[in-house]
Amino acid sequence: MFRSLARQHTLKQVASRLAVRNIGTVVEDSVGPKCYGGTYTVTLIPGDGIGQETAAAVKSVFSAAKVPVEFEQFDLSGFTPENDKLMQEALASLRRNKVGLKGILYTPIRLGHSSFNVAMRKELDIYASVAHCKNVPGVPARHNNVDFVIIRENTEGEYSGLEHQSFPGVVESLKIITRPKTERIARYAFDYALRHGRKRVTIVHKANIMKLADGLFLNTCRAVAKEYPTIQHNDMIVDNTAMQLVSKPQQFDVMVMPNLYGSIVSNIGAGLIGGPGIVPGANYGREFAIFEPGSRHVAKDIQGRNTANPSSLILSSVMMLRHLQLNQHADLIENAVSKTLSVDGIRTPDLGGSQSTTDFTKAVIRNL
């Protein structure tokens, strides 16, 4: 008992130091979600476009698999930016539940409306975006043996939202890179590689041109790499990274990069393995975690047609279940999705098939 108390005291001291340094990782100082009577409450934000359809698929699968999760649903929309009250209610729910499942919210290209997606990550300091790009058996792809993880800093970079017009026709947009937040995302990436048996971390940058901002990112990541002697590391300029991804993606294992590069690279990764419909993703902070498709598309053009592929949100919910340590349910659902795609050959139009969202969801439920 005394040993346990001493260990808890030591961990609290470590967490306190990390909090001061602002570079804590999820593993070291996260606060877990609350569970009452064996059931977790999770905030659900279906999102815009196909969000309602894919969220309905997740709820149907969870019900059939008897997953001990209850959803608090908030139908927040980027098409109604004036609804700040609902945004605040959703944030309060996330703070209370610690875990959320989310579709993608629309961000209009107009002044005066910031992205709800970005605002949510900044408000809750959900700093690490994780997208896993891996070939799915039964899904045609441009390359085989693709299996890499994109770790993207979520809270600064070009997404800082600091723009102004200094003179008519002249706009200045500020890119923010800080050492504490770069240390934090670099340490997260190397921790991830260590925990998941990965061999190498590639640091993606543009330090040859942005010598101060990306230079700071690159040099900070290199310094953190020295703390992980068992993990190989290299660095690559972002434009070369794009070419290498489409020519030889098998060379990549774990990739860490600033915000904008992560957005671009995750879309390239989705294109390599079959499209955004099969890429799951997660966003982690010190206290909160939000799970959403790894390639962030609203897909408004197919909204309401019952043709959306719900795999990315279902597989994101599998990542959420592992986060909640509901591994048996996670395995059950993941295997059912895999069998639906690879054995049954049930595919929605984005994967070259003709089955509907409803057909796909029913097939997954049959395979549970």
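Ile 185 sits in helix H6 (residues 179-195), with helices (H or I, at least four residues) and strands (E, at least two) taken as DSSP runs and numbered from the N terminus. Leaving out residues up to four places away in sequence, Ile 185 touches Tyr 127, Ala 128, Ile 151, Arg 152, Glu 153, Phe 217 and Val 256, where contact means heavy atoms within 4.5 Å. Arg 152 is 33 residues from Ile 185 in sequence, yet the C-alpha to C-alpha distance is 7.6 Å. At 0% relative accessibility, Ile 185 counts as buried; buried means under 20% relative accessible area, exposed over 50%, and partly exposed in between (1.4 Å probe, protein chains only).

All of this comes from a predicted model, in which local features need pLDDT of at least 70 and side-chain atom pairs count only at pLDDT 80 or more, while totals for chains, interfaces and linings use all residues. Residues are numbered from 1 along each chain as its sequence is written, and side-chain values use heavy atoms, with hydrogens and water left out. The average pLDDT of the protein is 88, and 89% of the residues score at least 70; pLDDT is the predictor's confidence in each residue, from 0 to 100. Residues 1-30 are another matter: pLDDT stays under 50 there, and the model has 34 contacts beyond four places in sequence for this stretch. Where pLDDT is low, the predicted coordinates should not be read in detail.

As for the overall build, the secondary structure comes to 12 helices and 13 strands. Of the 368 residues, 51% count as buried. Among contacts with a separation of 6 or more, 74% join residues 24 or more positions apart.

Setting aside neighbours within four places in sequence, Ile 151 is in contact with Ser 129, Val 130, Ile 185, Tyr 188, Ala 189, Tyr 192, Val 254, Met 255, Val 256 and Met 257. In soluble globular proteins, nonpolar side chains tend to be buried together.

Then there are the holes. The structure holds two cavities of 30 Å³ or more. On a 1 Å grid over the protein atoms alone, a cavity is a set of points where a 1.4 Å probe fits but cannot get out, and lining residues have an atom within 4 Å of a point. Grid points are joined across faces, edges and corners, and a volume is the space filled by probe spheres set on the points. The largest cavity has a volume of about 70 Å³. Its lining has 14 residues, of which Ser 129, Val 130, Ala 131, Gly 294 and Arg 296 are the closest to the centre. Strands E5 (128-134), E6 (147-153), E12 (280-284) and E13 (289-293) and helix H9 (259-273) each supply at least two lining residues. By class, this lining has five nonpolar, six polar and three charged residues; Ala, Val, Leu, Ile, Met, Phe, Trp, Tyr, Cys and Pro count as nonpolar, Asp, Glu, Lys and Arg as charged, and the others, Gly among them, as polar.

The second largest cavity has about 40 Å³ of space. Lys 102, Asn 117, Met 120, Arg 121, Asn 283, Ile 290 and Glu 292 line this cavity. Helix H5 (116-123) and E13 each supply at least two of the lining residues, and H5 gives the largest share, with three.

Two asparagines have backbone angles worth a look. Most residues other than glycine have a negative phi. Asn 145 has a positive phi of about 60 degrees although it is not a glycine, and lies in the loop between E5 and E6. At 67% relative accessibility, Asn 145 counts as exposed. Asn 306 also has a positive phi of about 60 degrees without being a glycine; its place is the loop between E13 and helix H10 (311-323). With a relative accessible area of 29%, Asn 306 is partly exposed.

Key:
On a 1 Å grid over the protein atoms alone, a cavity is a set of points where a 1.4 Å probe fits but cannot get out, and a pocket is an open set with protein on both sides within 12 Å along at least five of seven lines; lining residues have an atom within 4 Å of a point.
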